[in-house]
Amino acid sequence: MRGSWYKSVSSVFGLRPRIRGLLFFIVGVVALVTILAPLTSNSYDSSSSSTLVPNIYSNYRRIKEQAAVDYLDLRSLSLGASLKEFPFCGKERESYVPCYNITGNLLAGLQEGEELDRHCEFEREKERCVVRPPRDYKIPLRWPLGRDIIWSGNVKITKDQFLSSGTVTTRLMLLEENQITFHSEDGLVFDGVKDYARQIAEMIGLGSDTEFAQAGVRTVLDIGCGFGSFGAHLVSLKLMPICIAEYEATGSQVQLALERGLPAMIGNFFSKQLPYPALSFDMVHCAQCGTTWDIKDAMLLLEVDRVLKPGGYFVLTSPTNKAQGNLPDTKKTSISTRVNELSKKICWSLTAQQDETFLWQKTSDSSCYSSRSQASIPLCKDGDSVPYYHPLVPCISGTTSKRWISIQNRSAVAGTTSAGLEIHGKSALKNYWSLLTPLIFSDHPKRPGDEDPLPPFNMIRNVMDMHARFGNLNAALLDEGKSAWVMNVVPVNARNTLPIILDRGFAGVLHDWCEPFPTYPRTYDMLHANELLTHLSSERCSLMDLFLEMDRILRPEGWVVLSDKVGVIEMARALAARVRWEARVIDLQDGSDQRLLVCQKPFIKK
């Protein structure tokens, strides 16, 4: 008699009995052959495994190895056997971020900035283990107090690194015993963040920074965001900033921003495009972000142009705008001057300049490109390809897009109507929202022994929707007035709804869940996924590796909510036990085969 697991999985995939039996037989044979046959591939030499040179696996080999391990474990599940818990990783993995091995990238011959990019193809096969928090890790303070005070033991920055980080940083932060206190009034530039934001608003032609939304500015890509000071102020204005900064082994900007409850992710564009579609952001901001904009034939600036919406703004602030170097005065050229020369070739106009801050506006008239006097930069032949870490392109993107609409004319944005969003899943979310609200999103979240906090304090701040579709979980949180933000992730092989999510003013990114997510450990309070596991079953991804990755990026005491078919949920519950999550299955009582798996990650102290 077939086991219950077999029946559940069969119901998910909907195969006929004979085909199902043949499929399982073939998978079993392939798995056993993979395990028992000698490994003759030349892509790996055991004699060199101790060297630092990265090991490059072919996709075929990695799929075989994952399929073999997963088959045996899932076979154990079908026979009713309990699987062992994954062991704990060593101390060296406490702040481990996969795909960012700069030393290994250099040894592989990457240079000129490419060594700083994300390279999952060079990732060594590592032992499957659970990443543990540092010994002095503490649960972050609730929002909004946690925005301004964080535990220094939760991030990789030492007191010596803090003291040597310069006067700008010391004005921004105050290190006191085991806490780092951020002063939002000070530190980013000159007269403080509020004055700086007001200065940018005036350069646009506004009376105050509270009028950004009236000028069409709702989403801001903050490149090299420091410690999130500017982003924290934009959040207070109800705007959506997303910080991106390159991977840093210590003192990470992205890690600090996320610890403060601000939207951030690891990202740079030295050689590859950012995982956002064209025409994604209303403003791109760079304050002392360290980017040399005129290298590589201006392709870095072209990438900013690609993600910037028509009529959007590029803000550059840096004291290095002054002429530099030992060259004669006639040959000295500031960064802003070089950017301004390049901007004319891509239909940007220098709108204003105040002190060391320059503001350019991208044209909203696509006919500008055909009338350029310096047409040395061609237009891209835009297709339907998904911009998932593709190489930078030496051309101007997005000019033929149906989304080419000025940010100042937001009402004309083409997209899915609210009625359409209701049809495409928002109503389904409401079916189980009432179950989650008292459990996770209570107005009075409380830990055992704690006193009741007062609203709007909330244990849930950083939320990731791993299969966001149209961003309906994000919309539900806003409708309920929750003080959380959502990183809406659209899988690369799913329908690309990210343009709609970004046009709604939400944060979002493309990602391949067969790979790790570009963030530091312990950076999200909640992970949500609706039918992601069913989707990934056709992508040959290892669900066990996925659960370990989810555990890596989830904070202790964080929540996981999975919605899927009953067979997949039962399998997921077994995998949740392997990473030590407390899990329970909830029947929605709506007559469907959908179930919720609600899990909480325990805080396991050393």
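**Reading backbone and annotation features**

Analyst: In this predicted model, Glu531 counts as partly exposed because its relative accessibility is 23%. Glu531 sits in the loop between strand 14 (524–530) and helix 16 (532–536).

User: What is the phi of Glu531, positive or negative?

Analyst: Phi of Glu531 is positive, near 60 degrees, and Glu531 is a residue other than glycine.

User: Which loop holds Tyr389, and is Tyr389 buried or exposed?

Analyst: Buried means under 20% relative accessible area. Tyr389 has 16% relative accessibility, so Tyr389 counts as buried. Tyr389 belongs to the loop between strand 10 (357–362) and helix 13 (418–439). Tyr389 is not a glycine, yet its phi is positive, about 55 degrees.

User: Is the peptide bond from Trp143 to Pro144 cis or trans?

Analyst: That bond, from Trp143 to Pro144, is cis, with omega near 5 degrees. Pro144 lies in the loop that runs between helix 4 (102–107) and helix 5 (145–148).

User: Which residues does the UniProt annotation "glycosylation site" cover?

Analyst: An annotation of this kind may be inferred rather than shown by experiment. In the UniProt record, "glycosylation site" covers Asn101 and Asn409.

User: Where is Asn101 found, and what does its side chain reach?

Analyst: Asn101 is in the loop between helix 3 (59–78) and helix 4. The Asn101 side chain reaches the backbone nitrogen of Gly104 at 3.0 Å. With a relative accessible area of 43%, Asn101 is partly exposed.

User: Where is the place of Asn409?

Analyst: Asn409 is in the loop between strand 10 and helix 13. Its relative accessibility is 38%, so Asn409 counts as partly exposed.

Methods
Residues are numbered from 1 along each chain as its sequence is written. This is a predicted model: local features need pLDDT of at least 70, side-chain atom pairs count only at pLDDT 80 or more; totals for chains, interfaces and linings use all residues. Side-chain values use heavy atoms; hydrogens and water are left out. Helices (H or I, at least four residues) and strands (E, at least two) are DSSP runs, numbered from the N terminus. Buried means under 20% relative accessible area, exposed over 50%, partly exposed in between (1.4 Å probe, protein chains only). A polar contact is a pair of N or O atoms within 3.5 Å; within protein, one must be able to donate a hydrogen and the other to accept it, and residues adjacent in sequence count only if both atoms are side-chain atoms.
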